[in-house]
There are 2 protein chains.
Amino acid sequence: MITKEMTSAVSNIMVLSVLKSGMSYGYQLLRKIKQDSNELFDWTEGMLYPVLHRLEKQKYIESIWGTSEAGRRRKYYQITSSGQDYLAELLDGWYSISEVLIGLED
Amino acid sequence: MITKEMTSAVSNIMVLSVLKSGMSYGYQLLRKIKQDSNELFDWTEGMLYPVLHRLEKQKYIESIWGTSEAGRRRKYYQITSSGQDYLAELLDGWYSISEVLIGLED
DNA sequence: AATTATACCTAGATTAATTAGGTTAGATTA
DNA sequence: TAATCTAACCTAATTAATCTAGGTATAATT
């Protein structure tokens, strides 16, 4: 079971991880996150946009407005270097907890 | 870095995991959790007791009042069988997320 | 006598997620 | 051409949770 607390704990990690492999925009991120997580995560827009806005305010990602081939406006996000550092720290924390949990299972 | 969201996501898991290896009481749980996590978690009582009360309300743990050798009152907690099932589900969720994160790192 | 350690508890401020909306515009179908 | 679907963005507000900062009581130690 994926609890909402777990979702909350990885939301930043997921967004930063996906952005690490290239720029993306909100609508596409939703599909990528669903796909890259083997449908484990199927977020709504109302879940993603607040995360994006918070990460941007914290300077872990930055955005520019662009246009799709079809002419629709899009806000592209890319990870900053401080965002990459932050991602590494978050992953480190996640994995160290995982090790503790594994250690407790004996 | 351990974020508070991560802490929140594992608080139930940690308490249930420690209780799985035997009964314990609040004050001792705090020390066990600190010790078993290699000091990764150093919770305050204000963090633990609400978790215990919630888990008890959900019937994942149950409590009885007892007395220490020294004569102090203690509330002992033990995990229920539905708590063991719940713990297994939580661990399953945690590990499946971990696998997604590992997959994203390439 | 005073302090530390043991052992429990809760109120309330803050913070965050999620539901449930809303807007605009291009593409498709009836 | 009207209607619907998909793309693409956004926020308000309810709900729920953490955590700080308290509080009580008693045994042991200095």
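User: Across which strands does helix H3 of chain B lie, and at what angle to E2(B) does it run?

Analyst: In this predicted model, helix H3 (residues 45-57) of chain B lies across E2 and E3 of chain B, running at about 120 degrees to E2(B). H1(B) lies across E1, E2 and E3 of chain B, and its direction makes about 95 degrees with E3(B).

User: What is the order of the strands in the open sheet of chain B?

Analyst: The order is E1-E3-E2, with antiparallel pairing among the 3 strands. Strands E1 (24-25) and E2 (61-67) of chain B have a single partner strand each, so one side of each is left without a neighbour in the sheet. E2(B) pairs with strand E3 (residues 73-79) over 7 bridges, and Thr67(B) stands opposite Arg73(B).

User: How is the packing of H4(A) and H1(B) to be read?

Analyst: Two packed helices are described by the angle between their axes and the distance between the axes. Here, helix H4 (residues 81-104) of chain A and helix H1 (residues 4-20) of chain B pack at about 5 degrees, with axes 11 Å apart. They are therefore roughly parallel to each other. Residues in this contact include Trp94(A) and Ile97(A) in H4(A), and Val10(B) and Ile13(B) in H1(B). The contact comprises 10 nonpolar, 2 polar and no charged residues.

User: Which rotation superposes chain A on chain B?

Analyst: Two copies of a chain are related by a rotation about an axis and a shift along it. For chains A and B, the rotation is 180 degrees, with 0.0 Å of shift and an RMSD of 0.0 Å. That is the relation of a two-fold axis. Moreover, 100% of the interface residues of chain A are also interface residues in chain B, so the copies meet through the same surface.

Note on methods: Residues are numbered from 1 along each chain as its sequence is written. Chains are lettered from A and ligands numbered from 1 in the order in which they are written. This is a predicted model: local features need pLDDT of at least 70, side-chain atom pairs count only at pLDDT 80 or more; totals for chains, interfaces and linings use all residues. Side-chain values use heavy atoms; hydrogens and water are left out. Copies are superposed by least squares on the C-alpha atoms of residues with pLDDT of at least 70 in both. Contact means heavy atoms within 4.5 Å. Axes are lines fitted to C-alpha atoms, for helices over the stretch in contact, and angles run from 0 to 180 degrees between N-to-C directions. Helices (H or I, at least four residues) and strands (E, at least two) are DSSP runs, numbered from the N terminus. Angles under 35 degrees count as roughly parallel, over 145 as roughly antiparallel, 65 to 115 as roughly perpendicular and the rest as oblique. Ala, Val, Leu, Ile, Met, Phe, Trp, Tyr, Cys and Pro count as nonpolar, Asp, Glu, Lys and Arg as charged, and the others, Gly among them, as polar. Two strands pair if DSSP finds at least two bridges between them.
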